[in-house]
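Biologist: Let us go through this structure term by term. I want each label set against its cut-off.

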Amino acid sequence: MLSNADLAELLAQQSEREEEILVRAYRRAARSAFLWPNNATEIVAQSRSLTELHGVGPFIAEQIRRWIDKPPRISPKPPLIRRDFIALADARMLLRRNPTWSKLLRGDLQMHTRWSDGSGTVAQMAEAARERGYAYIAITDHSKGLKIAGGIDEARLREQAAEIAKVNRSVPRGSAKLTVLGSIEMNLNPRGEGDMDPRSLSRLDLVLGSFHSVLRVKEDQTERYLAAVRNPQIHVLGHPLGRIYNYRLGLKADWPRVFAEAARLDKAIEIDCYPDRQDLNLSLLKLARKEGVRISLGTDSHHPWQLGFIELGLAAALKARIPAERIVNFMSILGLKRWVENVRRRSCRER
């Protein structure tokens, strides 16, 4: 039976054989396949229309139907630019078989709001998280160096802190307690340096650091990553590989060495759960497990409904057999804050 991930690969391959508008249509359908809530094969078996799936019109539905009726041979190893991506339907199936895993989740540690390039307010993201039963979320809007994403400077970060405090005070009586953490996704230059005043970062609950530029170089980038994890302001290294499905392969590095250094400093490496990213991927997660590094899960949500992407990260961590005690999002709110404080103290001693 063809999985949605199999169909995504077939759609991507077909896009390479088409021209003009069909190229875009097949590529869009390939990306969408990772978010289809149901397996397309099951939809056909139930005599439902494949056009109910996002990104699938009548023309592409007919093509998918032909593949399902007569499955073509699929390479077990797609090109690297499309390898190690999990489909949501498959992730949900895996999590249903391991129900205790998802119950360990306490929160989501990367998301964006209207303060940078998201569409939801802090309150709306908090409400979506409360509906999911979370104990905490981190609001990680982009920092000022990423102007294309509306990055915020130190003054706006202070204004945002006031809004976060207001949201934390406005929890309805009797509701489950949710703590909104003040955080940021700090833009890093290729030397691993951030773009924000360290004094403004010291007031935050958590700091992610991510690379957003010079992401297509082919040379080894180990020193860049080592500099990033040694940056005293950073607690989590966000979407480390920098890959995007069928668009960008990501950077090369001596990953065991990078993970070992992060583990030595007790910092976390992120699984960015956004469907097009899924970064760290499964192969690197297995290396991370061997080096004993902490793992952080963040959906990179830009809209409240995207908090559901967390299932992709949970499934990846489960498949890679990451120990539960190494996943930051499984900590209590007090445990999370204690870890951050310990990382800060360790960073001060390292300087």
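**Labels and cut-offs**

Modeller: At 44% relative accessibility, Arg230 counts as partly exposed. Buried means under 20% relative accessible area, exposed over 50%, and partly exposed in between (1.4 Å probe, protein chains only).

Biologist: What kind of model is this, and how are residues numbered?

Modeller: This is a predicted model, in which local features need pLDDT of at least 70, side-chain atom pairs count only at pLDDT 80 or more, and totals for chains, interfaces and linings use all residues. Residues are numbered from 1 along each chain as its sequence is written, and side-chain values use heavy atoms, with hydrogens and water left out.

Biologist: Why is the pair Arg230 and Glu261 called a salt bridge?

Modeller: The term asks for a side-chain nitrogen of Lys or Arg within 4 Å of a carboxyl oxygen of Asp or Glu. Arg230 and Glu261 have N to O at 2.9 Å. That is within 4 Å, so the pair is a salt bridge.

Biologist: Where do Arg230 and Glu261 sit?

Modeller: Arg230 is in helix H10 (residues 222-230) and Glu261 in helix H11 (residues 255-264). They are 31 residues apart, so the pair links distant parts of the chain. Helices here are DSSP runs (H or I, at least four residues), strands likewise (E, at least two), numbered from the N terminus.

Biologist: Is Glu261 buried or exposed?

Modeller: Glu261 is buried, because its relative accessible area is 10% and the limit is under 20%.

Biologist: How do you know that Arg82 and Glu16 form a salt bridge?

Modeller: Their side chains meet at 3.1 Å, N to O. The limit is within 4 Å, so the pair qualifies. Arg82 lies in the loop between helix H4 (58-69) and helix H5 (88-97). Glu16 lies in the loop between helix H1 (4-15) and helix H2 (21-33). The two are 66 residues apart. Glu9, Glu16 and Arg82 are linked in a network of salt bridges.

Biologist: What makes Arg82 buried, and what makes Glu16 exposed?

Modeller: Arg82 has a relative accessible area of 6%, under 20%, so it is buried. Glu16 has 57%, over 50%, so Glu16 is exposed.

Biologist: What about Asp69 and Arg65?

Modeller: The closest N and O atoms of Asp69 and Arg65 are 3.6 Å apart. That is within 4 Å, so this pair is a salt bridge. Both residues lie in helix H4, 4 residues apart, about one turn of the helix. Asp69 is exposed at 55%, while Arg65 is partly exposed at 35%.

Biologist: How many salt bridges does the rule give?

Modeller: The count comes to 16 salt bridges.

Biologist: Why is H7 called oblique to H8?

Modeller: The axes of helix H7 (residues 122-131) and helix H8 (residues 154-169) come within 10 Å and cross at roughly 40 degrees. Axes are lines fitted to C-alpha atoms, for helices over the stretch in contact, and angles run from 0 to 180 degrees between N-to-C directions. Under 35 degrees is roughly parallel, over 145 roughly antiparallel, 65 to 115 roughly perpendicular, and the rest oblique. The angle of H7 and H8 falls in the rest, so H7 is oblique to H8.

Biologist: Which residues of H7 and H8 meet?

Modeller: Val122, Ala123 and Ala126 in H7 meet Glu163, Ile164 and Val167 in H8 (contact: heavy atoms within 4.5 Å). By class, this contact has 5 nonpolar, no polar and 1 charged residues. Ala, Val, Leu, Ile, Met, Phe, Trp, Tyr, Cys and Pro count as nonpolar, Asp, Glu, Lys and Arg as charged, and the others, Gly among them, as polar.
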